[in-house]
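This report looks at charged side-chain pairs and at the surroundings of a ligand. Please consult the sequence and the structure below while reading.

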Amino acid sequence: MSVEANENGTAASVAAAQYDVMIIGAGMSGMYQLHLLRKLGLSVRVFEAGTGVGGTWYWNRYPGARFDSESYSYGYSFSEELLDEWEWSEHFSAQPETLRYLNYVADKFDLNRDIQFGARVRAAIYDEAETCWELELESGERARARFLISAIGPLSAPTMPNIPGVESFQGEAFHTGLWPHEPVDFSGKRVAVIGTGATGVQTIQEVAKTVGHLTVFQRSPNYCAPLHNSPITAEEQPKIRAGYPETFARCRASHGGFIHKADHRNALEVSAEEREAFLEKLYSEPGFGIWMGNFRDMFTDEAANTAVSDFIKKKIRSRVNDPAIAEKLIPTDHGFGTRRVPLETRYYEVYNQDNVELVDLNEGAIEEITPKGLRTANGEYEFDMIIYATGFDAVTGAFDRIDIRGEGGRKLKDKWANGPRTYLGLQIEGFPNLLTLVGPHNAATFCNIPRCIEQNVEWVAELFGYIQANGITRIAATLEAEDAWTEHVYETAAELLFTKVDSWFMGINSNIPGKDRRTFLLYAGGAPAYRDRCDEVSANGYEGFALQKVAG
Ligand code: NAP
C-alpha cells in the first residue's frame with residue numbers, strides 16, 4: 001500500500017517504488033550518505049533534480065566559480081585511496097575541476113546506479129499508519145521508504161530579484177546558480193551584473209577580463225579580501241599528500257572546519273604596530289586566514305572589529321584609483337567578517353578599468369527590467385546580457401520549495417514560519433524518520449562544508465547501524481530536545497556581531513515576502529562542540545529522540 005496526500009494531507013492509494021531509505025539530493029552530502037548506507041546493506045534511492053552529481057558544484061557553473069577553501073582541505077577525507085588517487089591542480093580549485101572530482105568519486109564508488117537524475121521532488125508526505133515517507137516527483141512518479149534524508153544543501157534555492165519586468169528582457173539573462181552548461185561569451189558585449197556577494201565578486205572579476213562593457217549594480221558593498229590562489233607545483237603535491245592527516249586534524253580542531261584557527265589574542269591587547277603587522281600578514285596569505293584566523297574577539301567586540309574593518313577599508317582605498325568609487329565599495333552598515341567575506345583576485349582593480357562602471361543602487365534603486373536593459377531611478381541602461389548574482393533563499397528555502405508534511409499533515413513551512421526549530425539541526429519534532437543533513441541550526445551550515453558533511457553523514461550512518469541492530473522503525477525528536485537545542489542555538493549566537501547585520505546567515509532575503517525579519521539560521525557554537533554534542537547524544541542511547549519499534 002502506498003499513499004498520496006490530498007488537500008487535507010491525508011492519504012489515498014497509488015503505486016510507488018519502495019526502498020529502505022530515500023535521499024533527496026546528490027551533492028556532497030547525499031553522495032557520501034548513499035555510500036555509507038549502502039554498505040549497511042540498505043536499499044537506498046537518491047533523487048536528484050540535476051542531470052549529474054555535484055549539487056552546488058553542478059549548478060554554480062558561473063564564470064570564476066571556485067573554492068574559497070584550500071582544495072586539499074575540501075575534498076572528502078574518508079577514503080585513503082581517493083586521497084592518494086586525486087591530485088588538485090590549484091590551491092583553490094575552480095568549479096570545473098571540482099565537478100570532475102565529484103564525478104570521479106561517483107564513478108569510483110559506483111554511486112550513479114542508485115541515483116535518479118532529473119528527478120525534482122515536489123512533495124514529501126509522512127504516512128503515520130505505515131510509518132514511512134512518500135515522495136512525489138514533479139514528473140508525478142512516487143516512491144516510498146521507511147526513512148527520508150534531505151541532502152538539499154543550504155544554498156540551493158536561487159532567487160531572482162523581485163523587480164518588475166524580469167521576464168521582459170530580450171537579451172541573454174542568467175542567474176549564477178542556474179548557469180548554462182554551454183560556454184557563455186562576454187567579448188564585445190554590454191553586460192550587467194546585479195549583486196556583489198561572494199558569487200557576484202567571483203563573476204565580476206572573471207567577466208571583466210573579456211567583456212565589452214561591464215556595469216555592476218551594487219546595493220550593499222562587502223569587505224572582500226585576496227584569495228591568493230596559485231597552481232600546486234609538482235614539488236608541493238607529495239607534501240600535500242603526506243600532510244593530509246595533519247590537514248584534517250587541523251580542520252577537525254578548528255571552529256569552522258577550516259585549516260585556519262582564530263588567533264589567541266584580542267585585537268586591542270596588542271600595540272597598533274603589532275596589530276597592523278598581523279593584519280598585513282593575514283592579508284598577504286592565501287585563503288580565509290583573514291576571516292577565520294583573525295583576532296579572536298573580532299566577531300564579538302565592536303572596537304576589535306572596527307580596528308580590523310579600518311585596516312580593510314585602507315586596503316580598498318589603496319587599490320581603487322578613483323576615491324569616490326573606492327568609498328562606494330566600502331561598507332558603512334556593518335563590520336568586517338560580520339557577513340560572509342568574499343575572497344577575490346584583483347576584484348577591486350576591475351573598477352580601474354575604463355570599460356567598467358559601478359552603479360550604487362543606494363543613489364537610485366532598479367525600478368524595472370526592460371526589454372533592452374533596465375531602468376533605475378536615475379536613468380536607462382541598455383545591455384546584451386544581464387547576470388543575476390542575487391543569491392539564494394538560504395538554508396530553509398530548499399525545504400520550503402518541497403511540500404513537506406509530517407504527522408497530522410502538518411506542513412514544515414508552517415512549523416518554521418517564525419524561524420527553524422530542530423534538534424541538532426538533524427531532526428524536527430513532528431517529522432519522524434526524516435533526517436536533515438546540513439540543515440538549519442546544524443554546524444555544517446557554517447563550516448568548511450565537506451568537513452562537517454562527513455560528520456553529519458557518519459553520525460547518521462551510525463544511527464542507521466543502531467536502528468538495524470535494534471529493530472527500530474521510528475525515530476522522532478522530542479519537543480523538549482528540540483526546544484532546548486533551538487534555545488542553545490540562539491544563546492550561542494547572541495554575542496556575535498553578525499546577528500546584528502542583515503545577511504543570509506540571518507535569513508534575510510529582500511526578494512521573498514516575509515524574509516525581512518532576522519532569525520539565525522546557522523549554528524555558531526563551532527564544529528568541535530557540535531560534534532561532541534552529537535557523540536554524547538548517541539553514546540547516551542540517542543537521548544532526545546524517541547526510538548520505537550512500531551508495526552507498519
Ligand atoms: P548573497 O551573498 O546573498 O549576495 C546576493 C547579492 O545580490 C547581494 O549583493 C544583494 O544585495 C544582491 N541583491 C539581491 N537582490 C537584489 C535586488 N533585488 N536588487 C539589487 N541587488 C540585489 O549571494 P551569493 O553571492 O550568491 O552568495 C551566497 C553564499 O554562497 C555566500 O555567502 C557563500 O557562502 C556561498 N558562496 C561560496 C563560494 C565559495 O565557496 N567559493 C562562492 C560563492 C558563493 P544586498 O546585500 O543588499 O542584499
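## Salt bridges

In this predicted model, a network of salt bridges links R122, D127, E130, E134, E136, R142 and R144. The structure as a whole holds 41 salt bridges.

K108 takes part in two further pairs that can be followed individually: its salt bridge with E81 has its closest N and O atoms 2.4 Å apart, and because E81 belongs to helix α4 (residues 80–85) and K108 to helix α5 (residues 95–108), this pair ties together parts that are 27 residues apart in sequence. K108 also forms a salt bridge with E85, where the closest N and O atoms are 3.1 Å apart; as E85 lies in helix α4 and K108 in helix α5, the parts tied together here are 23 residues apart in sequence. With relative accessible areas of 48% for E81, 25% for K108 and 37% for E85, each of these residues counts as partly exposed.

## A link between strands

E382 and R190 meet through their side chains in a salt bridge of 3.7 Å, N to O, which links distant parts of the chain, with E382 in strand β17 (residues 379–382) and R190 in strand β10 (residues 190–194), 192 residues apart. E382 is partly exposed at 46% relative accessibility, and R190 is partly exposed at 33%.

## Ligand surroundings

Of the 24 residues around the ligand, R66, T199, S220, R339 and W504 come nearest. A polar side-chain atom of T199 lies 2.7 Å from an oxygen atom of the ligand, and a polar side-chain atom of W504 likewise lies 2.7 Å from a ligand oxygen atom. The protein buries 84% of the 910 Å² that the ligand exposes when taken alone.

Definitions and conventions: Residues numbered from 1 in each chain as written. Predicted model: local features only at pLDDT ≥ 70, side-chain atom pairs only at ≥ 80, totals over all residues. Heavy atoms only, no water. Near = heavy atom within 4 Å. Polar contact = N/O pair within 3.5 Å; in protein donor to acceptor, adjacent residues only side chain to side chain. Areas by Shrake-Rupley, 256 points an atom, 1.4 Å probe, with all protein chains shown as cover. Salt bridge = Lys/Arg side-chain N within 4 Å of Asp/Glu carboxyl O. Helix = DSSP H or I, 4+ residues; strand = E, 2+ residues; numbered from the N terminus. Buried < 20%, exposed > 50% of the residue type's maximum accessible area, 1.4 Å probe, protein only.
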